[in-house]
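Welcome! Have a look at the protein below, and then let us walk through some of its parts together.

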Amino acid sequence: MKSMGFSSDDVVLIEKGNKPEEPYVITVNCPDKTGLGCDLCRIILDFGLSISKGDVSTDGKWCYVVLWVIPHSFSSNIRWASLKDQLVSVCPSNSASFYFNQQSDSKSSSSPLVYLLKFCCLDRKGLLHDVTKVLCELELTIQRVKVMTTPDDKVMDMFFVTDNLELLHTKKRREDTCRSLYAILGDSCISCDLQLSGPEYEALQQGMSSPPPTVAEELFCCELSEKENLSHALTPDLNKLKSPSVTIDNSLSPAHTLLQIHCVDQKGLLYDIMRTLKDCNIQIAYGRFSSITKGFRDVDLFIQQKDGKKLLDSEKQSSLCFRLKVEMLHPLRVIISNRGPDTELLVANPVEICGKGRPRVFYDVTLALKVLGICIFSAEIGRNLTSDRQWEVYRFLLDESHEFPLTNNRAKNQIVDKVRRTLMGW
């Protein structure tokens with residue numbers, strides 16, 4: 001695979017550790033662009049990998065990134081060749097890219113084709129997660145979902161997906177996908193169909209209702225309440241943790257601002273930091289993401305504004321520090337509310353300015369509910385726009401169970417706790 005004068009092997013290199021327990025090392029050597037770190041971290045998170053430590057340096061035109069990654073316990077079967085292809089795809093192709101691509105982003109490229117996967121089967125606990133796991137392994141990205149349970153215990157699922165491999169237009173890829181689903185669903189599968197989506201995709205988006213105002217206020221609130229500051233106490237051995245520490249120092253470099261972060265470790269931490277800096281048009285000249293020390297992380301970043309100047313304005317400094325604290329402490333919102341006579345679990349995460357959502361949220365939520373033994377009556381994914389940003393919202397109507405009576409507040413708190421722990425990798 002050639003890329004404007006040099007091979008993809010020169011752009012991205014993935015090396016296996018010398019011992020089974022040692023991390024893989026991903027090296028990226030390519031022209032720089034604003035937000036490249038965010039794009040790399042999103043792909044790594046999407047493949048079920050955790051970044052144990054990292055280094056990044058750039059002169060503004062060319063960058064060199066080294067990331068040490070380990071698979072999550074549920075992601076032992078990583079397709080490393082496909083991961084490499086995905087990482088190469090977000091790297092600028094040559095040095096001219098620095099000049100021409102600074103204003104471009106993923107949303108400027110052509111949108112991937114959306115396909116509708118529709119199947120009907122008998123309901124059972126953990127069904128939705130088992131299907132989601134198959135789709136992740138096939139490298140199909142879930143864009144929207146509509147899941148309905150009928151009175152006779154049948155499930156009609158509609159998954160709107162895009163293909164990271166861009167092969168769903170082929171008959172073989174579609175047949176392989178349906179065959180994989182039949183394998184996991186077994187004799188309970190009644191029908192399975194996969195085809196290019198039509199007007200039903202737009203109709204589904206327009207037909208989704210927004211959460212009630214009181215629920216939306218709690219779900220999208222950007223204030224750091226005392227309750228949220230203490231929410232990290234749910235993690236083992238971290239009961240004394242308060243808000244993350246974010247400091248700015250302009251005395252150490254004549255050209256760059258030093259941004260220092262000290263916080264609890266969690267899944268997707270580096271992605272959340274990079275996503276926030278990308279959305280704020282902050283460029284990183286040099287950065288180090290340290291290994292875990294007693295459950296905590298230290299991140300040191302030498303940064304500049306997009307105009308190449310230091311961050312000297314006190315209001316901009318305060319705004320960036322506050323935004324980073326919110327995104328690290330509360331990158332995903334999880335609440336339970338009543339939807340008429342039913343109990344609804346809602347999970348929300350901010351969408352990047354380029355329009356991309358956080359990877360594997362649906363996977364993690366359905367995994368948590370499967371572990372708890374809770375059946376999902378219906379599920380849907382939509383987007384909500386608030387005054388300052390767009391949110392991806394996952395809504396699940398839950399079935400009553402003996403283990404978790406949904407009229408019991410303690411049981412509801414246990415559900416929220418388990419879902420949040422799974423999302424945060426605790």
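Is strand 18 (residues 390–398) mostly covered or mostly open? Strand 18 is mostly covered, since eight of its nine residues are buried. Here, buried means under 20% relative accessible area, exposed means over 50%, and partly exposed lies in between, using a 1.4 Å probe and protein chains only. Helices (H or I, at least four residues) and strands (E, at least two) are DSSP runs, numbered from the N terminus.

Before going on, a word on the model: it is predicted, so local features need pLDDT of at least 70 and side-chain atom pairs count only at pLDDT 80 or more, while totals for chains, interfaces and linings use all residues. Residues are numbered from 1 along each chain as its sequence is written, and side-chain values use heavy atoms, with hydrogens and water left out.

**Strands side by side**

Two strands pair if DSSP finds at least two bridges between them. Strand 18 runs antiparallel to strand 16 (residues 342–350), and eight bridges join them; Leu-345 has Phe-396 in strand 18 as its bridge partner. Strand 17 (residues 376–385) is also antiparallel to strand 18, with nine bridges, and Glu-380 stands opposite Arg-395. A hairpin of four residues leads from strand 17 to strand 18.

Elsewhere, eight strands form an open sheet in the order 3-4-6-5-13-14-12-11, with antiparallel pairing. Its edges are strand 3 (12–15) and strand 11 (245–249), each pairing on one side only. On average, neighbouring strands of this sheet are turned by 25° against each other, direction ignored. Within it, strand 5 (residues 49–58) and strand 6 (residues 62–71) are joined by nine bridges, and Gly-54 faces Leu-67 in strand 6.

**Helices and their neighbours**

Contact means heavy atoms within 4.5 Å. Axes are lines fitted to C-alpha atoms, for helices over the stretch in contact, and angles run from 0 to 180 degrees between N-to-C directions. Helix 3 lies across strand 3, strand 4 (24–31), strand 5 and strand 6, at about 155° to strand 3. Because seven of the ten residues of helix 3 (residues 80–89) are buried, this helix is largely enclosed by the rest of the structure; Trp-80 and Leu-83 are among them.

Helix 5 (residues 127–137) packs against helix 6 (residues 171–185) at an angle of about 145°, with the axes 10 Å apart. Leu-127, Asp-130, Val-131 and Val-134 in helix 5 meet Ser-180, Leu-181, Ile-184 and Leu-185 in helix 6.

**Charged pairs**

Side chains of opposite charge can pair when their charged atoms come close. A salt bridge is a side-chain nitrogen of Lys or Arg within 4 Å of a carboxyl oxygen of Asp or Glu, and the count by this rule is 27.

Which parts does the pair of Asp-364 and Lys-267 tie together? Asp-364 lies in helix 12 (residues 361–372) and Lys-267 in the loop between strand 12 (257–264) and helix 10 (269–279), so the pair ties together parts that are 97 residues apart in sequence. Both Asp-364 and Lys-267 are buried.

Asp-39 and Arg-42 are three residues apart in helix 2 (residues 36–46), which means that about one helical turn separates them. Asp-39 is buried, with a relative accessible area of 1%, and Arg-42 is buried as well.
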